[in-house]
Structures are given as structure tokens and as C-alpha cells.
Amino acid sequence: MSTPDLNLLMTLDALLSEGSVAGAARRLGLSPSAMSRALQRLRDCTGDPLLVRSGRGLVPTPRAVALREQVSELLPRVLQTLSPAPTLDLGKVNRTFTLLCSDGFVENFGPSLLMRLNREAPGIRLNFLPKVRRDNSYLRDGTADLETGVIGKGTAQELHARALFRDHFVGVAREGHPLLNGDITLARYIECDHVADTRHGLGHDPVDVALAALGARRHIVTSVAGFATALALARSTGLLATVPERHTRYLRTGMATFPLPLAMAEITLSMLWHPRLDADPAHKWLRSVIHEVCMQ
């Protein structure tokens with residue numbers, strides 16, 4: 001059985017409303033002959049003549065009378081379904097979105113994001129979750145709606161992305177650390193005890209990659225998976241932590257921050273999302289808010 005042409009719903013509605021082939025043709029901008037052919041297709045689909053000659057006009061059959069009410073209810077729903085999404089009314093949106101992010105993002109940008117949502121879209125709830133896996137599977141399976149991070153070789157190719165801000169690495173130590181007395185040279189820096197970040201894999205911390213290019217190595221005492229943990233250890237011990245400056249601004253409160261004695265490339269933090277959410281009005285609005293907050 002072939003699938004009916006849904007365009008015939010509009011044709012049937014026009015014919016039943018106008019009660020004539022010529023009137024229906026004018027209404028839909030078709031020629032009378034094209035409308036006559038459409039009427040024949042409707043007769044074939046329904047197995048009923050629908051409109052029959054009576055004097056100089058046409059009258060509906062009982063089946064056509066029964067269909068008139070159905071079509072008048074069905075057609076608006078079909079047109080709405082096949083139309084662009086209505087204008088977003090933030091005051092009526094009730095949605096929960098999940099954002100995957102690294103430690104430091106919530107502390108730096110979370111308060112401003114939640115204030116914007118509370119003021120402009122109180123029905124939208126934003127949940128922050130840590131990134132446990134690095135394969136973007138949470139975006140693919142719908143567990144998360146957005147993710148922030150640095151785009152790399154492992155980033156899924158089908159994901160959409162938008163840059164949020166650029167960041168650079170800095171050194172951090174507790175106040176009174178011996179390194180802070182005098183010039184911070186590369187030799188003094190690598191001789192100190194360090195806490196490294198293992199999220200890129202052992203030996204693949206961007207700091208160690210940059211040092212290896214210089215033929216140097218730092219003295220790593222311990223490794224952790226996260227900037228917040230690294231800074232917590234550095235705050236309570238003599239360890240040095242090397243972290244992104246803007247990403248950890250509030251996490252470094254009360255600690256000493258210094259420029260690194262080696263050149264390191266900047267990183268770009270981006271937000272990523274799955275293509276199925278690209279045109280979603282509420283999701284688009286949330287992406288714009290996150291971008292604005294991070295760009296401030």
C-alpha cells in the first residue's frame with residue numbers, strides 16, 4: 001500500500017470549504033485542471049466520489065461531510081508539526097540541561113550562569129557534572145547536553161563546537177614558597193617538587209611535553225586528575241602546580257601565581273554539543289548565555 005500524499009489534506013480542505021473545483025483552485029493557486037486531477041486522486045485514495053454534480057454545482061457526499069470536521073482539526077496540527085519551532089518564550093520553558101565540565105569551570109562561571117538563568121529563564125535548570133570519560137559518549141547518548149573542553153584528536157568529528165575563551169598556563173605555589181624569593185628560572189622551577197595532571201596520561205601533561213622539547217624534566221612528586229586537587233595539594237604543601245590561569249582564577253585565591261619560565265602554547269576552551277540539539281531553541285539560547293558569560 002502506497003503512502004498517501006499529505007498535500008492532499010490541503011486540497012481536500014479547500015475543496016470541502018469552497019464546494020467547487022474552480023474556487024479551490026483559486027484558493028491554492030492552482031489551475032482548474034490541476035485541481036480536477038487532485039480531486040481524482042482524492043477519490044482514488046478514499047474510495048468515494050466526495051463531491052458530485054448537482055445542477056450547476058457540486059455537493060458533498062456523506063463521506064465528505066464526515067471528513068470535513070476531521071480535516072479541519074487535523075490539518076492545523078499537521079501544518080504546525082511541519083513548521084519551524086515557535087518563538088522561544090523563556091518564561092514558559094521548563095527544561096533541565098546537563099553540562100559536563102572540568103573542575104574550575106563551575107567555580108569561575110557557575111554563579112554568573114545561574115544568575116542569568118534565574119533572572120531570564122527561571123524554568124531552566126542547569127546541572128554541572130564532572131567529565132569521567134573523554135570520548136564524548138555522554139553527548140552522543142544524550143546523558144549530557146553540553147560539554148566544555150579543549151578540542152583534540154579524540155574529539156568526535158560529528159560534534160558542533162564554539163570557542164569560549166583562550167587561556168594560558170601559570171605556576172602556582174603557597175605563599176612563602178622558596179621559589180618566590182628571587183628570579184624564577186627554568187633551573188629553579190624544575191628542581192622544585194611538582195604535582196602533575198594525569199588526565200592527558202602519564203608523561204603527557206602539557207608542561208612535561210613543553211619541558212621535553214627543551215630537554216628538561218621537572219621533579220614530580222605526585223599526580224592527580226584535576227586542577228582543583230592539584231591546587232589543594234599545592235596550597236597545603238611545598239608542591240608547585242601548573243594550571244590554566246583563567247580556568248582556575250577563584251581556585252587560586254590566597255596563593256601565589258607566577259609566570260612560567262618556559263614557553264607554552266595557549267589553549268582554547270570550547271563548548272561542544274551533538275548535532276541533534278543544534279536547532280533546539282532553548283539549547284541555542286543556553287549556548288549563547290554560556291558564551292556571553294565566558295567572554296565577559
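This is a predicted model: local features need pLDDT of at least 70, side-chain atom pairs count only at pLDDT 80 or more; totals for chains, interfaces and linings use all residues.
Residues are numbered from 1 along each chain as its sequence is written, and side-chain values use heavy atoms, with hydrogens and water left out.

The twelve residues of H1 should span 16 Å at 1.5 Å a residue, and its end C-alpha atoms, 17 Å apart, agree with that. The expected span is 1.5 Å times one less than the number of residues. Among the buried residues of H1 are Leu8, Leu9, Leu12 and Leu16; buried means under 20% relative accessible area with a 1.4 Å probe and protein chains only, exposed means over 50%, and partly exposed lies in between. After H1 comes Gly19, with a positive phi near 70°.

Next is H2, residues 21-28. At its start, a side-chain oxygen of Ser20 comes to within 2.9 Å of the backbone nitrogen of Gly23. Val21, Gly23, Ala24 and Ala25 are the buried residues of H2, and they pack against helix H1, helix H3 and strand S2. Contact here means heavy atoms within 4.5 Å. Gly29 follows H2, again with a positive phi near 70°.

Staying with phi for a moment, most residues other than glycine have a negative value. Leu50 is a residue other than glycine, yet its phi is positive, near 65°. You can find Leu50 in the loop between H3 and strand S1, and it counts as buried because its relative accessible area is 1%.

Now jump to H10, residues 281-295. Its 15 residues reach 21 Å from the first C-alpha to the last, close to the 21 Å expected. At the start of H10, a side-chain oxygen of Asp280 lies within 3.2 Å of the backbone nitrogen of Ala282. The buried residues of H10, including Trp285, Leu286 and Ile290, pack against helix H5 and strands S3, S4, S5, S6 and S12. Because its relative accessibility is 15%, His291 counts as buried. Beyond its neighbours within four places in sequence, His291 touches Arg162, Ala163, Leu164 and Met271.

What about Leu240? Leu240 sits in strand S10, and its relative accessibility is 0%, so it counts as buried. Its C-alpha is 8.8 Å from that of Ala196, 44 residues away along the chain. Not counting residues up to four places away, the contacts of Leu240 include Val172, Tyr189, Val195 and Phe258.

Last stop, the cavity. On a 1 Å grid over the protein atoms alone, a cavity is a set of points where a 1.4 Å probe fits but cannot get out, and lining residues have an atom within 4 Å of a point. How many cavities of 30 Å³ or more are there? The count is one. The largest cavity has a volume of about 40 Å³, and its lining includes Val195, Asp197, Asp205 and Thr242. Strands S8 and S10 each supply at least two of the lining residues.

Methods. On a 1 Å grid over the protein atoms alone, a cavity is a set of points where a 1.4 Å probe fits but cannot get out, and a pocket is an open set with protein on both sides within 12 Å along at least five of seven lines; lining residues have an atom within 4 Å of a point. Grid points are joined across faces, edges and corners, and a volume is the space filled by probe spheres set on the points. Helices (H or I, at least four residues) and strands (E, at least two) are DSSP runs, numbered from the N terminus. A polar contact is a pair of N or O atoms within 3.5 Å; within protein, one must be able to donate a hydrogen and the other to accept it, and residues adjacent in sequence count only if both atoms are side-chain atoms.
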